[in-house]
Amino acid sequence: MSLIQKCIAEVVGTFFLVLFGTGAVAAAVLTGAQVGLWQVAVVWGLGITFAIYATAAVSGAHLNPAVSLSFALWRPQDFPRRNLLPYWAAQLTGAVLGGVVILLAFGTFLARFEAQHALVRGQPGSELSAMVFGEYFPNPAMFGTDAAAHALVSPLAAAAVEGFGTAILVFMIFALVDRRNGSLPAKHLAPPLIGFTVAVLISLFAPITQAGWNPARDFGPRIVAFFAGWGNVAIPGPSGGFWAYIVGPLVGGPLGAAVYDLLIRRALPHEN
């Protein structure tokens, strides 16, 4: 398979990941279709599972720049480092396309939600609707958007949470796909377990940062929100904190992979 075919698979897979996941957030925020954080988390997890099954045979279904970077650093024999930038571009493209579809599908509901809550798109407080696309800290739906809410989580703290959650996610990905790990001999079961890992992490940390764990998932829809009228509320966001959802995962992902290799993989039997 050519690099172009792999990148197309990454576009498609990341598109579905964002479509299902961001769509679940949109349905919950704008219509109340999902009741409670766990329902949103489960839809996210299932969306990731579907996206991996659909594309893994072609591209490996990274669907996340932090995952691609981790494989480039720690598994270059499986993922050549020259493929990293093309994969990143493909993942961001798929995420932007997913964000566009959500904007088109929920556009009238966004306008209704803003009218009901007296929100002016692009003005302070409009994070309550912009959170359908990008992520904010702390979760605006739970803590609001005033100064007291912003004081709960600093950009650095948000980056640390995003890095920690991504480290756990990548640790589990490396464990689940490792051919030397005999605890999961049926590797075709890895996608739902990866999806469930994301769902659990969302249920734990979404109140703090909305739980991104994926720079493409956040930045792609955030670009859509920027051009759809949210402007500075989308990028750079309150406290200029959008970078936390990029830097945190890109640092945390490789660290999680390193912990797996150094503490677990060394103890596994070698392949013949």
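Me: How many salt bridges does the count come to here?

Reply: Happy to walk through it. Side chains of opposite charge can pair when their charged atoms come close. In this predicted model, the count comes to 5 salt bridges.

Me: Which residue forms a salt bridge with Asp261?

Reply: Asp261 pairs with Arg75, and their closest N and O atoms are 2.7 Å apart. Asp261 sits in helix α11 (residues 244–263), while Arg75 belongs to the loop between α3 (65–74) and α4 (84–116), so this contact ties together parts 186 residues apart in sequence.

Me: Are Asp261 and Arg75 buried or exposed?

Reply: Buried means under 20% relative accessible area. Asp261 has 11% relative accessibility, so that residue counts as buried. Arg75 is buried too, with a relative accessible area of 6%.

Me: What about Glu114: which residue is its salt-bridge partner?

Reply: That partner is Arg121, with 2.9 Å between the closest N and O atoms. Glu114 is buried at 9% relative accessibility, whereas Arg121 is partly exposed, its relative accessible area being 28%.

Me: And where do Arg265 and Asp178 lie?

Reply: Let's start with the contact itself. Arg265 and Asp178 form a salt bridge, the closest N and O atoms being 2.9 Å apart. Arg265 is in the segment after α11 and Asp178 is in the loop between α8 (155–177) and α9 (190–209), so the pair links parts that are 87 residues apart in sequence. Asp178 is buried, with a relative accessible area of 5%.

Note on methods
Residues are numbered from 1 along each chain as its sequence is written. This is a predicted model: local features need pLDDT of at least 70, side-chain atom pairs count only at pLDDT 80 or more; totals for chains, interfaces and linings use all residues. Side-chain values use heavy atoms; hydrogens and water are left out. A salt bridge is a side-chain nitrogen of Lys or Arg within 4 Å of a carboxyl oxygen of Asp or Glu. Helices (H or I, at least four residues) and strands (E, at least two) are DSSP runs, numbered from the N terminus. Buried means under 20% relative accessible area, exposed over 50%, partly exposed in between (1.4 Å probe, protein chains only).
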